[in-house]
Every structure is written in C-alpha cells, then in structure tokens.
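Please open the model in your viewer and keep the selection tool at hand. The tour goes from one selection to the next, and each stop says what can be found there.

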Amino acid sequence: MKRYRLRKKESKAISKFFKENYGISIKGDMEKFEFDDLSIITVENEPIILEYEDRLYFTVYGVLKFKPEKGRVVVDEGAMPYIMRGADVMKPGIVEADESIKAGDFVYVVVEGKMTPIAVGIALVDGVEIKGGKGKAVKNVHHLKDKIWNYFFASKY
C-alpha cells in the first residue's frame, strides 16, 4: 500500500467534484491510500472518499457521515451477511431503490429498517430494473468490515 498527501490543486478538484455532483462540501487536508484495486482519500484523517477505476465516490464511512440523497439501494436483512462477506447485491434481495440510478452509477446499500450503509458499489442495471427478477444488480466494491474498513477502523473498535 502506498500513502501520500494530495496537492492543494488535486484537493480542490476533488472538493469541486463533490460539490457539483452531490451538493456536499468536502474540505481539509487530503491523503491518498492506494490499495490493490482502489484508493481511499482521507479528509482530515477520516476515510471519506473512494477512488475506483478513476472515479470518485464515498466510502461506507463517507456515506454514514454525509448521507447522500441519491443512489440508495435497500436490501432485506437476509442479504446482509452475504454482502458483508463481499458478495455482489442480487436482485431478489432488493426491496427498494432510487429509480434515478443508471447502470454504471455508484450506489450505496442499506438494510431495510436500519438504513445504515453496509456497502458501496456500482449499479449493474438502471434503478427501475434493479429489484425483482434474477441476477446481479450491484457490484460490491467496498463494504463494512472489509480490508479497507479494517485498515482504518479495526484498531479503534
């Protein structure tokens, strides 16, 4: 794993991206932690931003902190243990989803009744097609208690 501080120019571009796309202001010292297939950008030492395939989104912690309005997928409790072990989100486990989701969008996954995020991923289908039927609906990129979560939080809890 590589770790380095972002330049002010890079930090400003990231802040601008989140303001324009999510209406959320993210400011502060930023550091990048490069893992195998993704990177995490900390803001004031908090793991807020996920970079995956050159695209930015929130980490599970970032979703918890900023509660984005768009991109929510709700699953039943039976899906939770599988998702928390890294499984992709399957259509039969989905009970509700933001219909404005487009295939390829980043989304976050919450459990019905709790509404606490457990995973962040990429929609494989549009929001109107995401529930019901068979097959994968969301590619699981980062979830609670995965290597990323544990790197930042395992020693704290």
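Predicted model: local features only at pLDDT ≥ 70, side-chain atom pairs only at ≥ 80, totals over all residues.

Begin by selecting Arg 5, Leu 6, Arg 7, Lys 8, Ser 11, Lys 12, Ser 15, Lys 27, Gly 28, Asp 29 and Met 30, which together line the second largest pocket. Sorted by class, this lining has six charged residues, three polar ones and two nonpolar ones. The space inside the second largest pocket is about 190 Å³, and helix 1 supplies the largest share of its lining, with four residues.

**The largest pocket**

Now select Phe 17, Asn 21, Tyr 22, Arg 55, Tyr 57, Lys 70, Gly 71, Asp 98, Ser 100, Ile 101, Asp 105 and Phe 106, the residues that line the largest pocket. Two elements, helix 1 (8-22) and strand 5 (55-58), each give two or more residues to this lining, and helix 1 has the largest share of it, with three residues. The volume of the largest pocket is about 250 Å³, and its lining is made up of five nonpolar, four charged and three polar residues.

**The cavity**

By class, the lining of the largest cavity has six nonpolar and two polar residues, and no charged ones.

In soluble globular proteins, nonpolar side chains tend to be buried together. In this model the largest nonpolar core has 52 residues, and among these Ile 26 and Ile 49 touch the most other members. Strand 9 (residues 106-111) gives the most to this core, with six residues. If you select Ile 26 and leave aside its neighbours within four places in sequence, you will find it in contact with Ser 15, Phe 18, Val 43, Ile 48, Ile 49, Phe 58 and Phe 66.

Next, select Glu 31, which is found in strand 2 (residues 30-34). Is Glu 31 buried or exposed? Glu 31 counts as buried because its relative accessibility is 17%, and the cut-off for buried is under 20%. Its side chain is joined to that of Arg 3 by a polar contact of 2.9 Å. Apart from neighbours within four places in sequence, the residues in contact with Glu 31 include Tyr 4, Leu 6, Ile 40, Thr 42 and Asn 45.

From there, move on to His 143 in strand 11, which also counts as buried, since its relative accessibility is 10%. A polar atom of the His 143 side chain lies 3.1 Å from the backbone oxygen of Met 84. Beyond its neighbours within four places in sequence, His 143 is in contact with several residues, including Val 60, Ile 83, Arg 85, Ile 118 and Trp 149.

**Residues in loops**

Asn 45, already named as a contact of Glu 31, lies in the loop between strand 3 (39-43) and strand 4 (46-52). Although Asn 45 is not a glycine, it has a positive phi of about 70 degrees, and at 59% relative accessibility it counts as exposed.

For the last stop, select Val 128, which lies in the loop between strand 10 (117-123) and strand 11 (136-143). With a relative accessibility of 58%, Val 128 counts as exposed. If you also select Ser 25, 103 residues away from Val 128 along the chain, you can follow the 29 Å that separate the C-alpha atoms of the two residues.

Note on methods
Residues numbered from 1 in each chain as written. Heavy atoms only, no water. 1 Å grid on protein atoms, 1.4 Å probe; cavity = no way out; pocket = protein on both sides within 12 Å on 5 of 7 lines; lining within 4 Å. Points joined across faces, edges and corners; volume = space filled by probe spheres on them. Nonpolar A, V, L, I, M, F, W, Y, C, P; charged D, E, K, R; others polar. Buried < 20%, exposed > 50% of the residue type's maximum accessible area, 1.4 Å probe, protein only. Polar contact = N/O pair within 3.5 Å; in protein donor to acceptor, adjacent residues only side chain to side chain. Contact = heavy atoms within 4.5 Å. Core = buried A, V, L, I, M, F, W, Y, C linked by side-chain atoms within 4.5 Å.
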